[in-house]
Amino acid sequence: MVARSDGRTLVVGAPGKSQGEVHFLFRSSTTAGTLFQTNSVQTMTENDNNTSKLGASLSMSTDENFVVAGAPSKCFQVFDTEHNYCTR
């Protein structure tokens, strides 16, 4: 799990779900009790045998605009947290 310093964005890996998933959660306020809502879920499309484990590790860039998600059994993906798209 990684979070932006503004307290409004949380990125959570789910490596045990199918091939693995990376969930981007956002909330409108940092006020205590404000719930996070899932905005985007990224998965892998190249490997269909459930061994990739995408999201096993996560790291956020120092400018907090990119997240790197490890898939130790396949490769890695870089997600742009501002636009919610994936590049490899």
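Biologist: What pLDDT does the protein chain average, and how many of the residues score at least 70?

Modeller: The term pLDDT denotes the predictor's confidence in each residue, on a scale from 0 to 100. Here the protein chain averages 81, and 77% of the residues score at least 70. The model is predicted, so local features need pLDDT of at least 70 and side-chain atom pairs count only at pLDDT 80 or more, whereas totals for chains, interfaces and linings use all residues. Residues are numbered from 1 along each chain as its sequence is written, and side-chain values use heavy atoms, with hydrogens and water left out.

Biologist: Which elements have the lowest and the highest mean pLDDT?

Modeller: Where pLDDT is low, the predicted coordinates should not be read in detail. In this chain the lowest mean, 49, belongs to strand E8 (residues 85-87), and the highest, 94, to strand E3.

Biologist: How many helices and strands does the secondary structure comprise?

Modeller: Helices (H or I, at least four residues) and strands (E, at least two) are DSSP runs, numbered from the N terminus. The protein chain has zero helices and eight strands, giving the pattern β-β-β-β-β-β-β-β along the sequence. With a contact defined as heavy atoms within 4.5 Å, 37% of the contacts between residues at least 6 apart in sequence join residues at least 24 apart.

Biologist: What percentage of the residues count as buried, and which residues form the largest nonpolar core?

Modeller: In soluble globular proteins, nonpolar side chains tend to be buried together. Buried means under 20% relative accessible area, exposed over 50%, and partly exposed in between (1.4 Å probe, protein chains only). By that criterion, 36% of the 88 residues are buried. A nonpolar core is a set of buried Ala, Val, Leu, Ile, Met, Phe, Trp, Tyr and Cys residues joined through side-chain atoms within 4.5 Å. The largest one has eleven residues: Val2, Val11, Val22, Phe24, Met44, Leu54, Leu58, Met60, Val67, Ala69 and Ala71. Strands E3 (21-26), E5 (57-60) and E6 (66-70) each contribute at least two residues to this core.

Biologist: How many salt bridges does the structure hold, and which parts of the chain does the pair of Glu64 and Arg4 link?

Modeller: Side chains of opposite charge can pair when their charged atoms come close. The criterion for a salt bridge is a side-chain nitrogen of Lys or Arg within 4 Å of a carboxyl oxygen of Asp or Glu. The structure holds two. In one, Glu64 pairs with Arg4, with the closest N and O atoms 4.0 Å apart. This pair links distant parts of the chain, 60 residues apart: Glu64 is in the loop between E5 and E6, and Arg4 in the loop between strand E1 (2-3) and strand E2 (9-14). Glu64 counts as buried because its relative accessibility is 18%; Arg4 is likewise buried, at 16%. Lys17 forms a salt bridge with Glu21, where the closest N and O atoms are 3.6 Å apart.

Biologist: Is Glu21 buried or exposed, and which side chain does a polar contact of 2.8 Å join to that of Glu21?

Modeller: Glu21, which lies in strand E3, counts as buried because its relative accessibility is 13%, whereas Lys17 is partly exposed, at 45%. A polar contact is a pair of N or O atoms within 3.5 Å; within protein, one must be able to donate a hydrogen and the other to accept it, and residues adjacent in sequence count only if both atoms are side-chain atoms. The Glu21 side chain makes such a contact, of 2.8 Å, with that of His23. Leaving aside residues up to four places away in sequence, Glu21 touches several others, including Val12, Val41, Gln42 and Leu54. Gln42, in strand E4 (residues 37-43), has a side-chain polar contact of 3.0 Å with Ser40.
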